[in-house]
Amino acid sequence: MAHVTASTPRDPNTLSNYNKWRTSHVTANLEIDFATQWLKGNVVLRLKSLTDSESKEIRLDTSYLDIKDVKLNGAAAKWALEPRSEPYGSPLSIILDKGVAKDKEVELDISLRTTDSCTALQWFSPAQTSNKKHPYMFSQCQAIHARSVFPCQDTPDVKATVDFNIRSRLPVVASGLPTGTKDFRPGKPGESGTLLYTFRQGIPIPSYLFAIASGDLASASVGPRSTVVTGPEELTDCKWELEHDMERFLEAAEKIVFPYAWTTYNVLVLPSSFPYGGMENPIFTFATPTIISKDRENIDVIAHELAHSWSGNLVSNASWEHFWLNEGWTTYIERRIQGAVHSEPHFHFSALIGWRALEGSVEMYGKDHEFTKLVPDLKGKDPDDAFSSIPYEKGFVFLYYLDTLVGREKWDKYIPHYFKTWQQKSLDSFEFKKTLLDFFASDAEASEKLAGVDWDTWFFAPGYPPKPAFDDTLAKPCTDLASKWQHRQTTPFTPKPEDVSRWTANQAVLFLETLLGSLSPLSTNDIADMGAVYAFDKGENVEVVARYFQVGLKARLESVYVPTAELLGKVGRMKFVRPLFRELNRCDRGLAVKTFEKYAGFYHPICRGLVEKDLFGEGRE
Ligand code: BES
Ligand code: ZN
């Protein structure tokens with residue numbers, strides 16, 4: 001089945017008419033102008049006609065872009081920017097004099113600049129960077145922010161090859177392979193000149209994987225095909241954190257799926273306002289500096305982003321309604337990597353932490369909520385609003401269920417088949433189902449088992465899936481200690497640092513998560529005692545510190561309010577920022593609002609927008 005057909009578009013979150021035209025190549029000629037904090041230049045799109053001369057209009061997504069001019073096949077084009085419709089932006093409509101025969105291509109050359117309202121880019125003045133010497137900028141396009149950088153068919157159902165020609169006065173990384181730096185142009189007196197940094201992405205990618213960053217960047221090798229890039233002062237810590245596992249992860253993943261397709265796998269460690277743990281931009285994963293915790297305990301994030309090199313980047317969800325195909329598969333492969341690199345119990349331990357995250361999300365939304373479905377209805381919705389652990393963990397549980405249902409040996413043969421079948425394409429949940437059933441059609445035993453799968457319930461029922469039986473070897477000490485604390489009122493015990501001193505940070509995470517998930521919160525005295533003895537708030541690992549504050553806030557332990565506000569000024573990763581703000585808001589609204597206003601300029605525009613909605617509702621100007 002063709003992945004894009006001339007029928008109705010299956011992605012409800014784009015205003016483009018990608019059912020009539022399909023982008024095959026993008027050339028982005030953009031200058032990074034740190035003085036104005038805009039990208040300026042032109043973008044050339046090659047678009048193929050999908051119908052026989054039927055469509056005389058090309059509609060592209062844009063959001064807060066300043067469009068200067070549009071040329072069609074080298075000549076002036078008739079174009080208009082239509083009124084904005086939230087949350088999708090203003091479609092750019094280009095009217096053709098006559099239709100174009102099926103499979104013939106046209107070339108659009110669009111001159112533009114970004115604006116101050118751009119939601120995809122974060123800009124830093126030198127004073128806002130760690131060494132305060134140079135400005136910095138980075139992009140974050142997933143889910144629907146690429147349209148805020150250049151006009152495009154902003155849907156994961158369309159994939160194109162990309163040429164990046166990026167001019168900057170500072171080093172640039174992009175989601176393509178570097179093809180050189182050239183064309184030095186001197187700057188004004190007292191200013192450095194600029195260089196043209198060029199990259200090519202020869203594997204077709206969806207718009208959301210378009211990525212660039214530029215700043216005072218240094219690099220170090222962390223494996224035979226891997227480099228870490230970050231600020232010069234941060235480089236040695238980043239190298240130490242990553243070099244031990246990088247190649248092991250790659251080799252483990254290649255054994256599970258098939259050889260890595262993108263040539264090199266590198267990591268850019270960003271400033272602390274980066275709104276995610278990691279973003280799987282091809283060639284260069286973008287990562288939060290909170291993974292550099294000096295204990296190599298948070299590099300599961302890297303195993304996760306690496307896994308996207310197959311699930312998401314080679315094989316993509318056709319729309320954000322089928323996001324579980326990206327994140328569920330990636331979570332599954334990430335855990336298989338952990339199991340292979342460490343030991344089988346690590347797969348299960350990570351799955352148990354994941355189950356807690358699923359409980360947290362289902363509780364937050366309520367178990368009948370649309371967003372608790374594996375395949376939610378996102379018509380008219382902003383995919384950022386639907387973002388939670390549900391596609392990750394319900395998706396993981398579904399894949400693990402299928403894995404145990406057909407048996408590991410057979411399932412392991414299916415994994416490469418699935419990724420080969422869909423590589424360089426996009427698919428939805430129905431195609432996932434068909435591919436699986438077709439593969440096992442000649443295996444009577446497996447087919448009989450698969451005939452018992454209740455697909456509709458898995459895809460469309462809200463709330464919890466059945467909980468699989470996970471091995472709890474690594475988890476048991478954590479849940480046992482949590483239970484001691486929960487019964488401390490009736491069965492007193494004296495906590496000692498040794499209770500947790502030999503634990504990994506992730507065991508502390510599970511311990512705290514278990515307390516967070518319990519219906520009867522601990523007393524404030526108990527939580528203060530726990531903090532004093534276990535020193536959870538003193539470490540470098542934000543996963544632990546943030547969860548300890550979360551436990552304290554839930555019980556209204558006043559001594560954690562100010563430290564929480566301080567942490568909110570240091571990390572911009574939404575996984576921590578949003579729950580901490582929501583809870584701080586319940587404890588002390590004045591402090592929450594004051595803290596948000598104080599740090600609003602530090603947060604990435606996506607994070608700022610979502611926290612604003614969390615604190616003030618939709619309607620705030
Ligand atoms: N692709 C996601 C990040 C993302 C999702 C960005 C949706 C924008 C919209 C990335 O792969 C991810 O899942 N990151 C996690 C890492 C974790 C699950 C190990 C994160 O940011 O916490
Ligand atoms: Zn992911």
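**Annotated sites and helix packing in the predicted model**

At 4% relative accessibility, Glu 305 counts as buried, because buried means under 20% relative accessible area. The model described here is predicted. Glu 305 is found in helix H3. Leaving aside neighbours within four places in sequence, Glu 305 is in contact with Tyr 265, Gly 278, Met 279, Glu 280 and Thr 285.

An unreviewed UniProt entry lists Glu 305 and Tyr 392 under "active site". The two span 88 residues in sequence, yet their C-alpha atoms are not more than 12.9 Å apart, so they gather at one spot. Tyr 392 lies in helix H7, which covers residues 390-406. Its relative accessibility is 18%, so Tyr 392 also counts as buried. Beyond residues up to four places away in sequence, Tyr 392 touches His 304, Phe 323, Glu 327, Gly 328, Thr 331 and Phe 387.

Two of these partners, His 304 and Glu 327, carry an annotation of their own. For "binding site", the unreviewed UniProt entry lists His 304, His 308 and Glu 327. These residues span 24 positions in sequence, yet no two of their C-alpha atoms are more than 9.0 Å apart, so they gather at one spot.

His 304 lies in helix H3, residues 300-307. At 9% relative accessibility, His 304 is buried. With neighbours within four places in sequence left aside, the contacts of His 304 are Glu 327, Thr 330, Thr 331, Glu 334 and Tyr 392. Glu 327 belongs to helix H4, residues 324-341. Glu 327 has a relative accessibility of 2% and is likewise buried. Residues up to four places away in sequence are again not counted for Glu 327, which touches Gln 142, Glu 280, His 304, His 308, Pro 391 and Tyr 392.

Asn 281 sits in the loop between strand S19 (278-279) and strand S20 (284-287). At 3% relative accessibility, Asn 281 counts as buried.

Helix packing was examined next. Two packed helices are described by the angle between their axes and the distance between the axes. Helix H16 (residues 542-554) packs with H18 at an angle of about 20°, the axes being 10 Å apart. That angle makes H16 roughly parallel to H18. The crossing of H16 and H18 is left-handed. On the H16 side, the contact is made by Val 542, Glu 543, Ala 546, Arg 547, Phe 549, Gln 550, Leu 553 and Lys 554. H18 contributes Lys 575, Phe 576, Pro 579, Leu 580, Glu 583, Leu 584 and Cys 587. By class, the contact of H16 with H18 has nine nonpolar, one polar and five charged residues.

H18 (residues 574-587) also packs with helix H20 (residues 605-616), at an angle of about 20° and with the axes 10 Å apart. H18 is therefore roughly parallel to H20. The crossing of H18 and H20 is right-handed, whereas H16 passes H18 in a left-handed crossing. From H18, Met 574, Val 577, Arg 578, Phe 581, Arg 582 and Asn 585 take part in the contact with H20. They meet Ile 606, Cys 607, Leu 610, Val 611, Asp 614 and Leu 615 in H20. The residues of the contact of H18 with H20 divide into eight nonpolar, one polar and three charged.

Conventions: Residues numbered from 1 in each chain as written. Chains lettered and ligands numbered in written order. Predicted model: local features only at pLDDT ≥ 70, side-chain atom pairs only at ≥ 80, totals over all residues. Heavy atoms only, no water. Axes fitted to C-alpha atoms, helices over the stretch in contact; angles between N-to-C directions. Helix = DSSP H or I, 4+ residues; strand = E, 2+ residues; numbered from the N terminus. Parallel < 35°, antiparallel > 145°, perpendicular 65-115°, else oblique. Left-handed = near helix turned anticlockwise from the far one by under 90°. Contact = heavy atoms within 4.5 Å. Nonpolar A, V, L, I, M, F, W, Y, C, P; charged D, E, K, R; others polar. UniProt positions renumbered as here; feature names shortened; annotations may be inferred. Buried < 20%, exposed > 50% of the residue type's maximum accessible area, 1.4 Å probe, protein only.
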